[in-house]
Amino acid sequence: MPEAPDADERAAFVYMDAIRFVAAAAVAISHIRNLALVDYEAVQSPGVLLRAFYFLTGFGHQSVMVFFVLSGFWIAGSAVRRVDEPKFWTSYMIDRYSRLAIVLVPALALGAICDLSGLYLLHAPIYSGASQSLTVPRDLAENLTPRVALANLVFLQAVAAPVFGSNSPLWSLAYEFWYYIWFPALWLLFARRRASIMLVTLVVGLAAPAMLLRFVPWLCGAGLFFAYRWACTTRKIGRRALGWTVLLLGGAGLAVALVLSRVATDIPDVEIPIALTFAVTLFGLCLVVPPRLGLVRALGFYGAHASYSFYVIHFPLALLLAAALTPPARLTPDAHGLAVVALIFAATLAAAWLFSRVTERHTAILRHQLRLALLGPAESVKIKG
């Protein structure tokens with residue numbers, strides 16, 4: 001994080017946390033709609049409101065780019081600030097792995113329970129890919145093996161193995177984990193002229209070219225960190241006016257990129273433009289110093305404390321609920337179908353909050369225990385964000 005931002009500047013961080021919630025919700029609602037409702041092409045004579053519903057609930061993948069940018073911002077700050085410390089890699093990786101694993105490990109167990117229940121208790125055809133949902137295109141039983149679970153625990157899903165069970169969102173966790181390592185290794189090489197053994201992890205990207213390509217959106221977040229650090233060291237006169245200009249231009253560019261990602265199927269992928277314009281928008285937000293609105297604080301509180309849990313557990317829960325609440329064929333988007341979508345969304349949102357209270361809430365404790373075991377008592381008190 002940039003050095004010592006004042007209390008007003010930290011208001012932008014609350015907005016970032018609120019955006020984390022919105023992004024997680026966008027991912028969840030896109031999956032729930034695909035699981036419970038028929039595809040848009042199958043809807044007979046949709047009205048304006050229904051067309052808007054399908055359009056607005058289709059930004060799940062784009063929201064993952066938002067997560068990558070936010071991750072790049074926070075993790076780049078943590079790495080740059082600490083990279084010259086003794087035992088950097090051990091300390092840094094304890095912090096990063098504990099943050100991920102404290103949610104991932106129980107999420108894999110919960111996902112297995114949900115998937116096995118759907119497969120062998122409900123015997124729901126959706127688990128075999130029979131519902132024609134794009135989010136469940138094949139039989140999931142083959143993904144519920146110890147080998148696949150182990151690959152997911154060491155973040156090789158979507159690289160050397162599929163995601164565990166039905167939990168398709170876990171692909172991005174593997175990407176995040178390796179980005180956590182690649183960035184400080186590259187920073188040491190280019191900024192400190194020190195080659196780290198961790199550079200060898202770049203070979204993981206050779207096995208997953210898409211991972212290398214999506215490192216660019218993550219680096220947009222790292223670029224935001226450096227821009228924000230620069231802004232914190234410059235004079236504040238005129239910053240607000242500049243911030244509004246950057247915010248409006250970035251926001252307009254982001255809106256165009258998002259719309260194009262949904263309506264223009266004949267243009268190249270727009271993941272990088274989405275990430276770049278989102279990073280520019282966030283930079284403007286940081287310069288503006290936004291007001292601390294009550295709704296933003298509420299969403300930010302959930303985003304800071306439970307958005308990770310929401311992202312990681314929503315899919316197997318939503319799939320089980322969709323299997324229980326829908327017939328063999330997906331529902332039409334009438335009042336009943338939309339009510340089912342709302343019910344599943346609310347249930348997964350509440351379940352994720354409860355899940356976070358027994359998982360990510362205790363991240364600092366896990367870090368302390370790992371530091372104590374691996375670094376000794378003197379280092380164990382240095383709990384990092």
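User: Which residues lie nearest the centre of the second largest pocket?

Analyst: Keep in mind that this is a predicted model. The second largest pocket holds about 920 Å³ of space. Its lining is made up of 37 residues. Those nearest the centre of this pocket are Asn34, Gly58, His61, Gln62 and Arg262.

User: Thanks! Which element gives the largest share of the lining of the largest pocket?

Analyst: The largest pocket has a volume of about 1100 Å³, and 36 residues line it. Elements giving two or more residues to this lining include α1, α4 and α12. The largest share is 10 residues, and it comes from α3.

User: Now the helices: are α9 and α11 roughly parallel or roughly antiparallel to each other?

Analyst: Start with their axes, which come within 9 Å and cross at roughly 20°. Angles under 35 degrees count as roughly parallel. Therefore α9 and α11 are roughly parallel to each other.

User: How many charged residues are there in the contact of α9 with α11?

Analyst: On the α9 side, the residues that meet α11 include Leu224, Tyr228 and Trp230. On the α11 side, Glu271, Ile272 and Phe283 are among those in contact. By class, the contact has 16 nonpolar residues and no polar ones. The number of charged residues is one.

Conventions. Residues are numbered from 1 along each chain as its sequence is written. This is a predicted model: local features need pLDDT of at least 70, side-chain atom pairs count only at pLDDT 80 or more; totals for chains, interfaces and linings use all residues. Side-chain values use heavy atoms; hydrogens and water are left out. Axes are lines fitted to C-alpha atoms, for helices over the stretch in contact, and angles run from 0 to 180 degrees between N-to-C directions. Helices (H or I, at least four residues) and strands (E, at least two) are DSSP runs, numbered from the N terminus. Angles under 35 degrees count as roughly parallel, over 145 as roughly antiparallel, 65 to 115 as roughly perpendicular and the rest as oblique. Contact means heavy atoms within 4.5 Å. Ala, Val, Leu, Ile, Met, Phe, Trp, Tyr, Cys and Pro count as nonpolar, Asp, Glu, Lys and Arg as charged, and the others, Gly among them, as polar. On a 1 Å grid over the protein atoms alone, a cavity is a set of points where a 1.4 Å probe fits but cannot get out, and a pocket is an open set with protein on both sides within 12 Å along at least five of seven lines; lining residues have an atom within 4 Å of a point. Grid points are joined across faces, edges and corners, and a volume is the space filled by probe spheres set on the points.
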